[in-house]
Every structure is written in C-alpha cells, then in structure tokens.
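Have the structure open while you read.

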Amino acid sequence: MEAQKPNSPQPRPAAAKANGQAQKSKVRGIKNAFLVIIACFVVAVCLFLFVFGGSSHFGKVQLVNELQQPLWETADGGTTEDATKAAVYTKDQAAELGDETLEGAPIPAYYSGSMAFAPEYVSKAAHPEDLVGTVFKGGIIVPVLQTLLLTVIALSVERAIALKSAKGTGSIAKFVGDVKKSLAKNDIDAALALCNKQKGSVAAVVSAALNRYKEMDANTILTKEQKITTLQKEVEEAMAIEMPSLQQNLPIVATLTTLGTLVGLLGTVIGMIKSFQALSASGAPDSTELSTGISEALINTAFGIATGAFAVISYNFYTNKIDNLTYAIDEIGFTIVQSFAATH
C-alpha cells in the first residue's frame, strides 16, 4: 500500500459522516429575518393607525356638514342636521357626564374612528388626552421606529429560543465536567451517551469529535501527529458549522442599535422643523402646530433611544451567551485532543 503523505488526514468515511451530529446544525431559528421585518412593519402600521390613532385617545370633535353646520346623533346611530330629530341625553347619561343640565339636550355626533383618516378640521381640533394619543402625534416616523423596535423584540425572542435549543437539555458546566470525567477514564462510549442526552450545539460538536476519536483510535495507518491534527480539524469543522446558526440574526440586531437612534434623530429634526415653521409664521404663532412639532420631536426621540438601548442590551446579552457556549466547546475540544495525545 502506498504510504500517505505527512499531515494528510484520512478522509472521513461516508458512514461516519452520516452518524456525525455536527454535519448540519440543529439549532432552531428564523432563517429569513426579512419576513420578520415585514410582519413587524404591518403590525406597527396597524398599531399606529387603529390603536394610537383611535379617537378615544383624543378630545371629542363634533362633526359638521359641508356648510359647517353641526351634526347630531340619531337614535339609530346615524347623523342628522336637524337638532329636533336628534337623540337626547337621558337622565342617567347626564348624571354620568356630571352635568344634569344636559338632560333632554340633543346628542352631538362626534367623530369616531382613526385620526389618520379624519377630516382636516377634526384632526386640527382634536388634541391628545393621554400618552397613546401623543404618540400618534409623533408623525409618520413613528411606525418606522415601531417597526425597528418590534423587530428587535421579535429577533431577541427568536434568539432566546434558538440559544436555548443550542444549550441543550442540561447545564453546560455539568455536561463539560461529566465528559471530562469520562475522557479521564478513556470511556468514549459513556461520553457519547452524555452527548446524546445533552443534545444542543456543544453536544453536537463534542459528539463529532468523539466519533472521530474512535475512528483515529482504530486507525493503524496514520501517525500519532496526523491523528491529533485530524481531531483538531474535526473540532474546528464541527464548530464552524454550529457558529453561523448561533450568531444568526444578531448582526441585524447590531445594525438596529445604530439605525434606531438615527431614525429617531431624523424624526426629532423633522418635528423641530415643524415647530420653527409655526414660530416663523406671520402674526401670532400657531400654538397647535407648535405643540404638534414639539410632540413629534420628543416622541421620535424617545422611540429612537428605546430602540437603540434595547438593541444594545439584546446584542450584548446574546453575544455573551454565545461566548459561553464557545468557551465550553474550546475547553472540551482541547480536553479531547489532550486525552488522545496522552493515551496513544
């Protein structure tokens, strides 16, 4: 038989590859983050239009017709221009509103619906009565910022689920300690049984290395140095397969750290421009336009800071978890190589 060249590891048999757990990462996770962004955008737009823009969060504005005549509510829920045909406040309704003089008075037809679709005279007259309505006044940049914030939250939850599956069923520290004890006894089968029980990324890498360990143990052709090199490459190959799955979607979270802040800053600038336009208007400044511009600036600033802060916390938290998994893989991989070198 022709002698093999030095440092030329023997190709892994097909059967061994089929049994190896690290040939394909089993870490669960969302592969296409673009779909998550689209879904978050749809949710953000719906929230902006129908929740934050709901008329219940704004002061009541009576509807008028084309001639600017007030409209009144009828008994069947419609509207009428004739106050004599309108429904009237009952005694209980007047008491609920705290004004007994309203009893018998016609009920005005107030606008009910999203402020995004309200007539211009309604949107100008309606003022936010709570924080939710104030958020709507943040303008068109708000749903964009909400999309970014929801994307960070969704991807953070997705990474939590993915890293939980990567961790396996038990404590990583205990798993590493048990595998080391099995290796110290040169009991490879026991170590493989621990991997099958633990599952996850660390167990997958260790299992692939241990299967290669058994192959090298039975190999009578390669030198000891070649076998050690083969083991090291097996650990590196298995780890290279697992790492992309562990880090998936984290670059997007890192990007949103900066993007959220910049979009918030853009909304702030737009809001301040509107405020200065109101101040520069001829005559007395339009207080409504001025307050709207300031609200838009502050709301966008708040959303931008919240998005950036949450993205930073999420990115660093999950990066630290991935580092812990990587350290465990490095530690146990080194132990496997050292164990082989000491016993052969």
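## Cysteines

Counting a disulfide as a pair of cysteine sulfur atoms within 2.5 Å, the total comes to 0 disulfides. Take Cys46: its closest cysteine sulfur, in Cys40, sits 12 Å away, too far for a bond. Cys46 is partly exposed at 39% relative accessible area, while Cys195 is buried at 0% (buried is under 20%, exposed over 50%, partly exposed in between, with a 1.4 Å probe and protein chains only).

## Ground rules

This is a predicted model, where local features need pLDDT of at least 70, side-chain atom pairs count only at pLDDT 80 or more, and totals for chains, interfaces and linings use all residues. Residues are numbered from 1 along each chain as its sequence is written, and side-chain values use heavy atoms, leaving out hydrogens and water.

## Salt bridges

There are 7 salt bridges in the structure, each a side-chain nitrogen of Lys or Arg within 4 Å of a carboxyl oxygen of Asp or Glu. One of them pairs Glu158 with Arg159 at 2.8 Å, N to O; Glu158 is buried at 6%, and Arg159 is buried too, at 1%.

Another joins Asp189 and Lys214 at 3.0 Å, N to O. Asp189 lies in helix α8 (residues 188–198) and Lys214 in helix α9 (residues 200–218), so the pair ties together parts 25 residues apart in sequence (helices are DSSP runs of H or I, at least four residues, numbered from the N terminus).

Conventions
Helix = DSSP H or I, 4+ residues; strand = E, 2+ residues; numbered from the N terminus.
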